[in-house]
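Keep the 3D view open as you read.

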Amino acid sequence: MGIFDFLGGSGPEKALKLKSKVTQKYGDPTTRQKALQQLGEMRIPEAVSVLLHRYTITVEPLTTDADEKEHVFELIKSFDKDAVAPVTEFLRKNEQATSWALRILESLLPEPEVVSIIVDSLNALSAQYMRDPEKKVVLLHYVTGKQDPRIAPAVLPHLDDMADEVKIAALKALGSQKHEPAREPILRLLTANDTARRVQTAALASLQESGFGVQGYREKVEAVMNEPYYLDGSGLVQRRG
């Protein structure tokens with residue numbers, strides 16, 4: 001008989017039984033904290049999966065919430081590479097706690113491997129409507145400024161997202177990529193009749209950063225141009241100052 005049999009089930013079963021305590025928002029916090037510590041000592045992937053659910057709730061006071069979440073971060077990090085698969089699965093399936101999942105992956109993997117996971121996630125989410133766009137925005141912010149040939153093709157479809165926040169995040173991510181296939185989609189978004197003003201401004205910033213000309217769209221671009229951006233004689237978007 002193994003140690004987990006004395007605790008009321010096998011390792012995976014015991015871990016799953018602790019989930020209700022991990023996500024208990026009210027009552028004695030020591031119950032939740034004891035469950036977190038037990039999971040951290042199990043050293044099985046199922047324990048990581050349950051620990052991650054602590055990030056899906058917020059408890060009072062907020063100082064306790066922050067301390068516990070940092071503790072969970074350290075517990076999961078101690079699993080080393082054994083945590084990668086359950087964290088990746090959590091990121092794929094859950095809309096919450098995306099920033100924490102990314103932070104954990106960053107602590108365990110080299111950047112190209114994290115980018116690979118994010119690119120896969122962005123590709124999977126590109127045609128998916130989400131009532132809360134936060135997950136997409138967080139993923140897009142992560143790849144912004146990073147240079148990897150896989151990023152731009154994964155970001156480009158998000159210009160068609162229903163949420164303006166996602167469109168703006170995608171435009172910011174595309175600016176530094178200088179991805180030629182993005183030129184016309186950015187121009188179409190900029191000049192569409194129903195594009196919000198703040199999205200237009202982000203599109204102008206993306207065109208200016210990427211150095212793309214507005215050939216074929218000059219008149220339409222001039223009609224929506226706003227400060228501090230302007231078109232120079234060669235059809236490039238410039239920024240004053």
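**Pockets, a helix and a core**

The largest pocket holds about 210 Å³ of space. Here a pocket is an open set of points on a 1 Å grid over the protein atoms alone, where a 1.4 Å probe fits, with protein on both sides within 12 Å along at least five of seven lines; lining residues have an atom within 4 Å of a point. Grid points are joined across faces, edges and corners, and the volume is the space filled by probe spheres set on those points. There are 14 lining residues, and Leu-91, Arg-92, Ser-121, Ala-124 and Lys-135 sit closest to the pocket's centre.

Bear in mind that this is a predicted model: local features need pLDDT of at least 70 and side-chain atom pairs count only at pLDDT 80 or more, while totals for chains, interfaces and linings use all residues. Residues are numbered from 1 along each chain as its sequence is written, and side-chain values use heavy atoms, with hydrogens and water left out.

Back to that pocket: helices H7 (84-93) and H9 (111-125) each supply at least two residues of its lining, with H9 giving the most, five residues. (Helices are DSSP runs of H or I, at least four residues, numbered from the N terminus.) By class, the lining splits into five nonpolar, four polar and five charged residues; nonpolar covers Ala, Val, Leu, Ile, Met, Phe, Trp, Tyr, Cys and Pro, charged covers Asp, Glu, Lys and Arg, and the others, Gly among them, are polar.

Next up is the second largest pocket, at about 180 Å³. Among its lining residues are Leu-156, Lys-167, Pro-185, Arg-188 and Leu-189. Helix H13 (residues 183-191) gives the most to this lining, with three residues.

In the loop between helix H12 (164-175) and H13 you'll find Ser-176, which counts as buried because its relative accessibility is 17%.

Finally, the largest nonpolar core has 79 residues, and Leu-39, Tyr-55, Ile-76, Val-87, Ile-118 and Val-155 touch the most other members. Such a core is a set of buried Ala, Val, Leu, Ile, Met, Phe, Trp, Tyr and Cys residues joined through side-chain atoms within 4.5 Å. Leaving aside neighbours within four places in sequence, the contacts of Ile-76 (heavy atoms within 4.5 Å) include Val-48, Tyr-55, Val-87 and Ile-104.

Methods: Buried < 20%, exposed > 50% of the residue type's maximum accessible area, 1.4 Å probe, protein only.
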